[in-house]
Amino acid sequence: MSEQQQPSGSALGIPGSALPGPYPVGEYAAALQRRLRAFTRVQLIGEIVNLRVARARAYFELRDAGGAVPCAAWLRDWEQMLARVGALADGMQVVVEGGCDYYAGSASSSPAFSFSVSDLRIAGEGDLLARIERLRKALDAEGLLERQKRLPLPALPRTIAVVCSQSGKARDDVLAGLARRGWAGRIVWAYAPVQDRYAAPAITRALQDLAASGEVEVAIVARGGGSLADLLCFCDETLCRTVALLAIPVIASVGHHTDRTLLDDVAAVSCSTPTHAAEAAVPIDCGQARAALANQTERLRANAGRAVLSRARLLASLCRAPAEQLARQRSSLHQQLRETRAAARRRVAMERELTWRRLAAVAGKADGAVHDARAKRPAELARLALALDAHDPQRTLQRGYALVQTSTGEAVGTAAAARRARELLLRFADSSVEAQVRETDE
Amino acid sequence: MSEEQKLSYEDAAARVESIIRRLDSGEASLRETLELVKEGKTLIERCAGELEAVSGELEELKLDDLVARLEAQAR
């Protein structure tokens, strides 16, 4: 349709507009399609991104640093290409041949521009995954995969930052995770795109500002799931170096289950979901922590009370001890005294008993002796009497002798004594006679 | 900042637990008991304060607002 052609139909144009038309859009779309299909067919080189195989066609984007083109291939052609080159996947550098195409759409279907691919070959070096792997190794060699992991994660942060898109589920999931921990501190929301070419610089800037504020203790970078292509921004070298050197710990939750992004590797913690990231940001359960503190307070109080009470009791018992000891000693001494006295009494009684027995024994013996003596006495007396009688001077006198005595009664036994005595008494058995000595001592 | 205040929340909580274990053992003298109880009470108050700070209403603000506020304070 040229600019000189008159529009069919009778719709009026925009007042004041110098442009031709209005043309029915379907006609314009058909013309566009014709125009685009007339473009020269070419070969293009770029990376496969967002590969998706549908029922009738295979769709992907071909990207490089300068731009991208949406591509499509009929399934039959696609399967032939696959058979020739082996696997085709996101990140592969390929050369495609084809031309522009435009699906004009309809009242019930969307139009779409695409580069219609009829053939393809793999371009060799430039595999996206390989590039990411090389960068990972480089960062590792510089020690940048470990720096964040050495940062202490606060058990109870007061301010948590969250880098995520303003729409999307990640925001709500983080809030749910924090609520599960019973945490209600301060959240700083740093909204940023999370999947296009603007994402990496925006996230980098946000993290730098958050760390520089000095008020944020931990940052979460959260995104819901997606293909690796969607998450390429989290493999951006500048972003990853910034995170590695950041002063505050970063918890990554970019939701990619099968491939790790570089952000997962450099971050302090890598989580599978934003909810887990929130729980990693607040490791303790605040409700349980409060209960534990109450329990500890009670135990502390009980220990303090026990310590004083037990010592007071001990002191009291020690105070009582000397008096009790004295009382025990006194009681013991009294007992000993009683026992001693009793023993002494028993001993005295025993001695007395013994003494009486002895006395009795002696008396018995004496009685015996006396008895014996009494029995023997008459005979003894008789013997003695007989013996005595034998010596009785009277007996001598009776035998005819005379006892010569002085007048004073002294016995005279010699003639000389008789002459001296002159006066003598002669005792005969029957009586006495006085005598005078005629002779003198001359 | 006293020794107790320099400790992180988790270190303070761990120290309280360690104090209580020591007291439960019954091996501490009276003087040590009283000192440990005093230290424990201070640490518990510290932890309770930290918990209190994150127990009220959730406060939400955007990074732009935070930056603007900090710049205003700096001026």
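1. Chain B of this predicted model has four helices and one strand, where helices (H or I, at least four residues) and strands (E, at least two) are DSSP runs numbered from the N terminus. Along the sequence the pattern reads α-α-α-β-α. Of the 75 residues in chain B, 29% are buried, meaning under 20% relative accessible area with a 1.4 Å probe, protein chains only.

2. The strand of chain B belongs to an open, parallel sheet of six strands, ordered β10(A)-β9(A)-β8(A)-β6(A)-β7(A)-β1(B); strands pair if DSSP finds at least two bridges between them. β10 (269–270) of chain A and β1 (59–62) of chain B are the edges, each with a single partner, so one side of each has no neighbour in the sheet.

3. Where do the two chains meet in the sheet? Strand β7 (residues 186–191) of chain A runs parallel to β1(B), joined by four bridges. Val188(A) sits opposite Leu61(B).

4. Now for the cores, meaning buried Ala, Val, Leu, Ile, Met, Phe, Trp, Tyr and Cys residues joined through side-chain atoms within 4.5 Å. The largest has 42 residues, and Ile203(A), Leu207(A), Leu210(A) and Phe234(A) have the most contacts inside it. Helix α5 (residues 199–213) of chain A gives the largest share, eight residues. A second, separate core of 40 residues includes Cys164(A), Val218(A), Leu300(A) and Ala12(B).

5. A word on conventions: residues are numbered from 1 along each chain as its sequence is written, and chains are lettered from A in the order written. Local features need pLDDT of at least 70, side-chain atom pairs count only at pLDDT 80 or more, totals for chains, interfaces and linings use all residues, and side-chain values use heavy atoms, leaving out hydrogens and water.

Methods
Buried means under 20% relative accessible area, exposed over 50%, partly exposed in between (1.4 Å probe, protein chains only).
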